[in-house]
Amino acid sequence: MYIVMIASECAPVAKVGGLGDVIFGLSRELAIRGNDVEIIIPKYDCMRYDHIYSLHETFSDLWVPWYDHSVHCSVFFGFVHGRKCYFIDPHFNKNYFNRGSFYGNEDDTERFAFFSRASLEFMLKADKRPDIIHCHDWQTGLVPPLLFDVYKNQGMSHSRVCYTIHNIKHQGVTGANVLRETGLHNVEHYMHYDRLRDNFDHSAINLMKAGIVYSNFVTTVSPKYAWEVQHTDQNFGLGDTIHTHSGKFGGVINGIDCDVWNPDTDNLIPHNYNVDTINLKHKNKDELRHRMLLRREFKPIVCYIGRLDHQKGVNLINHAIFYALNNGCQFVLLGSSPEPETGDYFWRLKNHLNDNPDCHLEIGYNEELAHLIYAGSDMMVIPSLFEPCGLTQMIAMKYGTVPIVRNTGGLSDTVFDADYANKPYDKRNGYVFSDFNNEGLESAMHRAIGMWHSYPHHFTEIAINGMKYDYSWNNPGKDYLNIYEHIREK
Ligand code: ADP
């Protein structure tokens with residue numbers, strides 16, 4: 001099958017979170033299974049160009065219709081760790097993708113609406129006629145209606161669209177002028193509640209809704225999250241839309257890229273290990289302590305890696321730090337915050353705890369350090385308010401680091417409580433709590449820390465159970481191929 005991924009991220013060149021990992025990992029799995037896979041992303045100035053091999057301009061004369069004129073673009077091609085990637089580079093005084101960051105600009109919806117149109121125009125002009133176009137999140141939500149409205153009639157009638165919701169909280173709600181700019185015909189037609197009009201803001205359109213309504217199949221990134229967005233208030237206003245389209249909606253758990261995340265071969269950690277040599281993990285713990293200036297004591301290291309924001313449960317992360325320190329643990333945090341106030345708070349906390357020999361907070365994004373923390377920690381806390389899939393718990397388990405998670409979304413689908421899970425003992429791989437409050441978190445941390453101190457052998461068994469799970473792209477890859485097969489033109 002010929003598959004084109006259109007997205008705003010692709011790890012490791014353009015990665016803000018799990019979306020980037022998914023684009024790379026899923027594409028790789030689909031290619032290994034014999035499919036022809038290409039990725040299209042914007043050519044950002046802030047990408048990791050050192051991870052792109054043989055980058056060169058492949059298309060110099062792409063004119064993308066935009067409002068009442070056309071914007072000249074170049075398209076570059078390069079290999080990202082073996083994956084075929086196209087990078088769209090508009091020559092436009094608005095400098096859409098030369099902003100020094102991936103997101104966070106006032107005109108984000110306009111930037112990515114442009115990217116959606118440009119991706120399709122590129123495929124049209126470069127004679128690319130994929131069987132499947134797979135789009136992701138609100139940034140590419142306009143691809144399906146544009147395909148349907150504009151490109152289908154220009155010879156792209158064969159392609160079918162799969163659309164994946166990675167986080168329903170961010171929907172790309174914006175003014176209808178964006179539709180006019182993209183050149184969608186008959187804007188009034190699209191400003192209907194059954195189509196793109198936002199379910200709450202009557203004057204706005206909703207780009208994620210566009211993706212849901214006009215795709216041939218819609219997925220989200222875990223079965224539990226798929227259930228939650230249909231049956232609870234976790235859908236941020238898109239419940240009715242998903243309900244209407246429930247016949248083409250399902251959850252597929254993400255995988256992790258086991259070439260990147262494998263303690264046996266990882267060259268970013270000082271000591272490799274696997275299930276049979278898990279006793280070597282403590283050498284990475286020593287190295288982590290050395291790097292983070294933590295003292296050598298007989299204590300478990302609890303860690304947190306990830307965004308510091310409301311979704312991830314910042315108050316509970318904060319509580320976890322103090323609970324761990326007060327209960328005989330050390331704590332290492334690696335995170336950055338998209339919310340300035342939260343970022344400031346954690347900077348102050350870092351300064352406050354600076355001299356504590358049992359704690360290190362690293363504020364910022366550091367891929368290399370993340371590997372060492374996964375390998376050197378004993379436990380990881382993930383107290384999310386909601387979590388569509390979550391990759392950190394799966395990576396942690398792969399490294400024999402026991403996750404302590406809240407019972408929500410993909411965390412529920414992947415972590416099974418050591419004491420209470422409805423699973424055989426050899427499938428129990430972590431600690432789970434339900435109540436989104438300090439007591440809930442403490443109930444699970446207390447059990448995990450107690451097990452580490454009192455029954456180390458059992459604790460190691462739980463870690464090994466996690467390492468043995470197959471969280472690779474193997475199964476999700478098959479699931480996506482089944483979906484593609486189901487919707488493709490026969
Ligand atoms: P998100 O909701 O942010 O997508 P996920 O758990 O799905 O969360 O994915 C997070 C990914 O980003 C993981 O690969 C994690 O290791 C990585 N990550 C998050 N924050 C950082 C950071 N500050 N430094 C390095 N890697 C990070």
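This is a predicted model: local features need pLDDT of at least 70, side-chain atom pairs count only at pLDDT 80 or more; totals for chains, interfaces and linings use all residues.
The chain falls into two domains. Domain 1 covers residues 2–255 together with 474–488, and domain 2 covers residues 275–468. Taken over C-alpha atoms, the centres of domain 1 and domain 2 are separated by 33 Å. Domain 1 brings 19 residues to the contact, and domain 2 brings 20 residues.

The size of an interface is often given as the accessible area lost when the parts come together. Between domain 1 and domain 2, about 1400 Å² is buried. Carbon and sulfur atoms give 56% of that area. On the side of domain 1, three residues stand out: Lys-15, Lys-224 and Ile-253 supply 28% of the area that this domain buries against domain 2, more than any other three residues.

The rule finds 1 salt bridge between domain 1 and domain 2. Helix 1 (18–32) and helix 7 (223–231) each supply at least two residues of the side of domain 1 that touches domain 2. Helix 7 gives the most to that side, with 4 residues. A salt bridge joins the side chains of Lys-15 and Glu-367, with an N to O distance of 3.6 Å.

Attention now turns to the nonpolar cores. In soluble globular proteins, nonpolar side chains tend to be buried together. The largest nonpolar core here holds 98 residues. Within this core, Met-5, Leu-120, Ile-133, Leu-142 and Tyr-484 touch the most other members. Helix 2 (residues 108–125) provides the largest share of the core, 9 residues. A second, separate core has 77 residues, among them Leu-294, Ile-321, Ala-324 and Leu-349.

Leaving aside residues up to four places away in sequence, Tyr-484 touches Met-1, Ile-3, Met-5, Leu-26, Leu-30, Ile-132, His-134 and Cys-162. One of these partners, Met-5, is also listed with Tyr-484 among the core residues that touch the most other members.

Thr-401 counts as buried because its relative accessibility is 1%, and buried means under 20%. Not counting residues up to four places away in sequence, Thr-401 touches Lys-281, Tyr-374, Ser-377, Asp-378, Met-379, Met-380 and Ala-396.

Conventions: Residues are numbered from 1 along each chain as its sequence is written. Side-chain values use heavy atoms; hydrogens and water are left out. Buried means under 20% relative accessible area, exposed over 50%, partly exposed in between (1.4 Å probe, protein chains only). Contact means heavy atoms within 4.5 Å. A nonpolar core is a set of buried Ala, Val, Leu, Ile, Met, Phe, Trp, Tyr and Cys residues joined through side-chain atoms within 4.5 Å. Domain bounds come from an automatic or database domain assignment. Buried area is the accessible area (1.4 Å probe) that two parts lose on being put together, summed over both. A salt bridge is a side-chain nitrogen of Lys or Arg within 4 Å of a carboxyl oxygen of Asp or Glu.
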